[in-house]
Amino acid sequence: MVQKDKTLETPQVDGEPSPSPVSGEACAEAPGPVEESGIGVELTGHRKFISGVVEGFYGRPWTMEQRKELFRRQQKWGLNTYLYAPKDDYKHRMFWRELYSVEEAEQLMTLIGAAKEHGIEFIYAISPGLDITFSNQKEVSALKRKLDQVSHFGCKSFALLFDDIDHNMCPADKEVFSSFAHAQVSITNEIYQYLGEPETFLFCPTEYCGTFCYPSVSQSPYLHTVGEKLLPGIDVLWTGPKVVSKDITVESIEEVSKILRRAPVIWDNIHANDYDQKRLFLGPYKGRSTELIPRLKGVLTNPNCEFESNFVAIHTLATWYKSNMNGVRKDVVMSRQVPQSGAKSTAIDVSSMAAPSLCSSTTVTTVFQQPIMSPAMPPLCLDPLSHPLVEVEKKDSDEEPMEMVVEKQDEPEPEAEADPEEKHVGPILADKMAEDLKPMDTDKESLAESKSPEESIQEDSGSDIAPMQTDDQLKQDVFVPGPNEKPLFTAEPLTLEDLSLLAELFYLPYEHGPKAMQMLKEFNWLRANSSVVSVNCKRKESEKVAEWQLRAEKFEDMCCSVIQMFTRLSNTANRTILYDLYPYIWDIKSIISMVKSFVQWLGCRSQSSAQFLRGDQEPWAFRGGLAGEFQRLLPIDGANDLFYQPPPSMPTSKIYSIRPYFPKDEPAVYKICKEMYCEGMEDVPFTDDDPDLIGDRLVGGLLTLSSDYGFVLEDDEGICGYALGTVDVQPFIKNCKLSWIPFMQEKYNKPDCEKDLTEAEKMMLSFHEEEEGLPDSFLSNFPSLIKVDIHAKVTDPSVAKSMMGCLLSSLKANGSHGAFCKVRQTDKRMLDFYSKLGCFEVAKMEGFPKDVIIMGRSL
């Protein structure tokens, strides 16, 4: 669930009037009494509709520059409020009694001033509920003193948050207050009056969503007390039916409004991601009918922790709000059109449509305004006919809403597709909306007046465009290699399709985007129908085989598009966005690579009896999001350690691929096997007289008799690793004795045992001696033999986990429930290697070889 500390806080306004931070257009009438003039109050006397952003998540807070950029975007798109409640500000919650230091005070004053400059109402939130004694006047005085300090910083709006706390009162409070609700309401009313009944003052109840109300919303004594006793000038925060609500209906808001005796302010967690480190939400603001707007006091979105990933979340909230301003309903319909001649190129079709049913949901969708690239990069290499708007948007750099905070460059975020159940609509680039609908108006100048990328760079001398670049370097000519020299590296530019795919892979908490849903559907079908292409299928139906192979090919193409998107995004010039997105795209790339390899194996090596039934795993065994969905569809779904693949500390676009082994790969596998066996040996005890000896001894039998369970790892230079196995070692050993061992005995003569043997001779001798079998009691739990190794040049630890994941998936799909490997006692490298892949040393049993360590892993 979402970290519940995130609740909206409303700023206090004292008696002194302040200029309205937003134009009249940005303020919609909302139910409520006429208040004193203050921030956001319209000339009509109606209080403003609160709309904006909450910074209330757990984890690294946004920087000051990012917050200033947020204010700029909010002002541009018609949003008017920022709620300050970062959990890393310990003086907001854990140490709420402590006053801010001089340095902290300067930071807050700067932030409050920046908000005012952009016409954004700054709300300071405080959460004393963890340990406050409501009946102790010293505690109340400490709270007043703290808010007095913040008010001296220039803050005029406040919020008291009582979310995510224990419902039980201390004995002292029980003597004074009849209920927990009475205690909270008492102190909230006192603080509100002490601050002069500010225009904006928010209260977050402990029961802040439908599921937290006991026994229900309509029958909750807590909410009834809040509604009856809380002063009418105080607004109440509400997250909807759940902490993270998929839908918020008109009926649910009318129900809670009746109990609270006021329209709530929605604290919306639809894009919050701090409760799952594997999830990111790039989809649109949806599941909330625009019919809600007249029934609410406001909406504040609590978005992703990663600032640069929130373009879609905030932009579509603004567009949603604008679609029903001042009670005038507007539906936004977006479609790509070829630009007409003139300054503005993007066509947005805004039309008034028949009002839908009361509970209908209007989904507002926007798409990336510009690929994630710096102005210094060349324009996208796209066909100008098929993408007529791209180059135009690239030029208008100085007014792009995704201008980066640190680099002062234009960097749009991924925007989302429409409802995933509907057909995919081609993305558009939005410049200007109709005169009465402007949250997407991003350009103030005509194309003729817009700055070129080079001019923008040179003019913005105060920004940190490239900290390692000097002005002299910027003026230097680009190096041009000679005819026989290595060409300069040129990163393949991102495409609109990449950004659309990115948004659909990381869509919304309760749904995936259309392309993600298609990939899940296809993988499910390929698994369920893999028997038609199994190696032991007795009667293969050519039509069904052809269909499976065609759909597998299309699925692999979809997987490749994800991997290509990862590569292009990893090479993007805009490192600010990359650093925010990289852990997520790394994760989805890794799981998609594993799934792609598994499908390739299904198409040529699986048995008709392949099983995909999952065990009854605990819920914490799985990650969230699309990566978790694919994990659950693999046979080794509960092997969470193999799916935990942290990204490297420095982003890299290096790609490795895993595919089934083929006979032509044998020389490369033998070469790696020999090199890694001799790794670290000062004097290699093997001559070139028998170049295949090590490979024959360690992997030859598996490659020859059990190639169905073989995988190889490739990079751009060729094969650099392998994973081999056999589903049942007992019949495998019998087959070795019948065919492989005799062949080896002919190839390698038995050495003279009377003399001291070299390492090579000992290895040859092993072909002529009876190998000890492992006890049945052990093999009943670990029937499968595995052998995995990766070349030393591969420094990415995640590929070993992916290799092991593919191998174990193939073994488990064909009935295995445990695997083991043999490691020399002196081979510390391989002992460590297998340990990191989840294998453990099995206790010595009678019948175990003496000079070998047996390591096992249950499936």
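## Exercises on a predicted model

Strands E14 and E15 pair in the parallel sense, over 2 bridges. The model they belong to is predicted.

**Exercise 1.** Find which residue of E15 is the bridge partner of serine 784, and state how much of E15 is buried.

*Solution.* Start from serine 784: the partner in E15 is alanine 819. Next, take E15 as a whole, which covers residues 818–824. Of its 7 residues, 5 are buried, so E15 is mostly covered, where buried means under 20% relative accessible area.

**Exercise 2.** Determine in which sense E13 and E14 pair, and over how many bridges.

*Solution.* Locate the two strands: E13 spans residues 718–726 and E14 spans residues 784–790. Their pairing is antiparallel, with 6 bridges. In general, strands of a sheet pair through backbone hydrogen bonds, either parallel or antiparallel.

**Exercise 3.** Give the strand order of the sheet and name its edge strands.

*Solution.* The order is E11-E12-E13-E14-E15-E17-E16, which makes 7 strands in an open sheet. The pairing is mixed: E14 is antiparallel to E13 and parallel to E15. The edges are E11 (657–660) and E16 (840–841), each of which pairs on one side only.

**Exercise 4.** Work out which strands helices H23 and H24 lie across, and at what angle each helix runs to E14.

*Solution.* H23 lies across E11, E12, E13, E14, E15 and E17, and its direction is about 160 degrees to E14. Then take H24, residues 828–836: this helix lies across E14, E15 and E17, at about 110 degrees to E14.

**Exercise 5.** Describe helix H15: what are its span, its kink, its burial and the contact at its start?

*Solution.* H15 runs from residue 575 to 605 and has 31 residues. From its first C-alpha to its last it reaches 42 Å, close to the 45 Å expected at 1.5 Å a residue. A kink of about 55 degrees is found at leucine 581, shortly before proline 583. Of the 31 residues in H15, 26 are buried, and the helix is mostly covered. At the start of H15, a side-chain oxygen of asparagine 574 comes to within 3.2 Å of the backbone nitrogen of threonine 576.

**Exercise 6.** State how many helices and strands the protein has, and what share of its residues is buried.

*Solution.* Count the elements: 24 helices and 17 strands. Then turn to burial: 57% of the 859 residues count as buried. Finally, consider contacts with a separation of 6 or more: 78% of them join residues 24 or more positions apart.

Technical notes: Residues numbered from 1 in each chain as written. Predicted model: local features only at pLDDT ≥ 70, side-chain atom pairs only at ≥ 80, totals over all residues. Heavy atoms only, no water. Pairing = 2+ DSSP bridges. Helix = DSSP H or I, 4+ residues; strand = E, 2+ residues; numbered from the N terminus. Contact = heavy atoms within 4.5 Å. Axes fitted to C-alpha atoms, helices over the stretch in contact; angles between N-to-C directions. Expected span 1.5 Å × (residues − 1). Bend = angle between axes of the 7 residues up to and from the residue. Buried < 20%, exposed > 50% of the residue type's maximum accessible area, 1.4 Å probe, protein only. Polar contact = N/O pair within 3.5 Å; in protein donor to acceptor, adjacent residues only side chain to side chain.
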